[in-house]
Amino acid sequence: MNAYVRLVYRNLRANLDRVSLFFELMFPLFFIFVQGYGFGGIVPDLHLGNGKAISYPLYLAAGAVTLTVINGGTNAGTQLWYDRKNGMFEQILVGPFNRAQYILSIILATLIIGIAGSLLVFLLALPVLGYSLALNLNGVLLVASALFLGTVFYGAVAIALSVALRSSETFQIVSTFVFFVFLFTSSVFFPSGTAPEPIRTISLLNPLTYTTDAFRAGLFDAWTPTVGLELPVLGAEAAVMFVVAVLAFRRIRV
Amino acid sequence: MADTRSGVGSDLAIDARHLTRKFGAKEAVVDATFEVAQSEVFGFLGPNGAGKTTTTKMLTTLLPPTSGSATLLGFDLRTQGRNIRERIGVVQQQDSFDQGLNVETSMDLYGLLWGVPKNVRKDRIGELIERFSMEEFRRMSTLDLSTGQRRRLQVAREFVHEMDLLFLDEPTVGLDPIVRRTALNYFKEKVREGLSIFFTTHILEEAEYLCDRLAVINHGRIVEVDTPANLKRKFGTAKEVEFRFLEGASGEFQKLLSASGEVDAVELDVASGAYRAKTSKPEAVIPEVYRLAERLGLHVSSVYISETTLEDAFISMIEGQEGGKR
């Protein structure tokens, strides 16, 4: 069996807690079914562009699927953090692997979790999304690219945080706070274009805005030139963050 | 054991030449030069902070040396790290475990990481669980294990995969005496089958029991490499003569014996009633004990000479070096 397959399988088996994964899925479902319908009666339909307007529950359902991207990303940091705490990081590095294989295996495991989680939430959200979906081949590619790049970005953020923060409590609280900021300054819950300054400016720097916009555009066939710009920006942000994570990872002393 | 083919000119398991590792201005290991033969157990002893773990980390490719070179199983440490890692096993000083898995699954996953086929893993894990007496906690989560149980798992787990050279860094810390002896005997068995071992420990009885040769490191420098017997001969000058009297303790006797030129010190163990005389010439002390006893009307009930231990030799070596430094 290939070294990457062995490492990824091991990361998925050893470092992922089923209870945590279950509750990571519950978060987006809570937003979709409780917040979405709760606010649905008072929030008017929202325009996505390309002449498409959707209800708030639909708007939020699409956003909540991308929320699993953040959750998946957090897992990358958790995997590395637990391996360092439990001595498995060094143990693996004295085995038939190198650092590059190890870190890539974490990113790959994170992608699997992020994309599988998004698909699962998407399936569970189908009663809400229902017949409003207008998914074509271009849309599928857009959705897949958005989820892939978003997971890489947030996985890299979590890896960098887990390298910097050695205490369990600090890692948990700081990563929760950082992802909370990303979440509420993005277009997951509301259209960032209508938000007041400086939230609007921050949202323009926030990769989750681009992930969510591209995801919605793909899902509801609402492609606009703006989305066409957002995707390369998301790709660039993911690449930069990946390099930052790799540099941080290389600094880990054994 | 694994396929014994190795790199070019690999009749040595380890051939270290002038290995040096600095952390900034601090020299953790300086000019370490030693060889470990195939199927040899090579002990690495030294006080805390002497450079043992840094040396182990360099040899296991975790830390690059600042200067010097080494080959392991014929592979170059600097350029063939991957080849080396494929052929070694490492039991680290610190705990290492996958949390949340049970013991058996944890061993299985470790074997899978090493690419051990499933049926081989199954047989080997069954054997190891039995050999290391882990039956009663084989289904327990690694998080619920005691320190000793977790250590047992860590040691046993390393034998799920094949290797030619094993690094053991304080492997028996936390193990009870019975399991410790089981582990040491298992290591010996594997050495007879061709395994080479680089063994770091603070427990000198273990080093003496297991190791063919020992290196003593202090302040980052190797000060001696020899067999345990030779180290004791070279550095174990102080011996002890222990004796008892039927009549019990005698202050007068202790005073007279202490005044004799052959004895460094005489101590009374009040609990057992035994005298212990430190000397480098026990053959001269014993007649003196009988002579003084007769003079004082005492009857010697037992007498024996305690051998120099490796611990005595080790302490003498380190203290000698520290004295030299001062």
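The model is predicted, so local features need pLDDT of at least 70 and side-chain atom pairs count only at pLDDT 80 or more, while totals for chains, interfaces and linings use all residues. Residues are numbered from 1 along each chain as its sequence is written, and chains are lettered from A and ligands numbered from 1 in the order in which they are written.

**Chain B overall**
- Chain B holds 11 helices and 14 strands, where helices (H or I, at least four residues) and strands (E, at least two) are DSSP runs numbered from the N terminus.
- The C-alpha trace of chain B spans about 75 × 50 × 35 Å along its principal axes.
- Of the 326 residues in chain B, 41% are buried, a residue being buried if 20 or more other C-beta atoms, placed from the backbone, lie within 10 Å of its own, exposed if 12 or fewer, and partly exposed in between.
- Among the contacts in chain B with a separation of 6 or more, 71% come from residues 24 or more positions apart, with contact defined as C-beta atoms, placed from the backbone, lying within 7 Å.

**Strand E3 of chain B**
- Five of the five residues of strand E3 (residues 41-45) of chain B are buried; Val41(B), Gly43(B) and Leu45(B) point one way, and Phe42(B) and Phe44(B) point the other way.
- In a regular strand the side chains alternate between the two faces of the sheet.
- E3(B) runs parallel to strand E8 (residues 196-200) of chain B, to which four bridges join it, and Phe44(B) stands opposite Thr200(B) there; strands pair if DSSP finds at least two bridges between them.
- Four bridges also join E3(B) to strand E9 (residues 213-218) of chain B, again in parallel, and Val216(B) is the bridge partner of Leu45(B).

- Leaving aside neighbours within four places in sequence, Phe199(B) is in contact with residues including Val41(B), Phe42(B), Gly43(B) and Phe44(B).

**Contact between the chains**
- The contact takes 23 residues from chain B and 18 residues from chain A.
- On the side of chain B that touches chain A, helix H2 (81-87) and helix H3 (103-113) of chain B are the elements that give two or more residues.

Terms used: Two residues are in contact if their C-beta atoms, placed from the backbone, lie within 7 Å.
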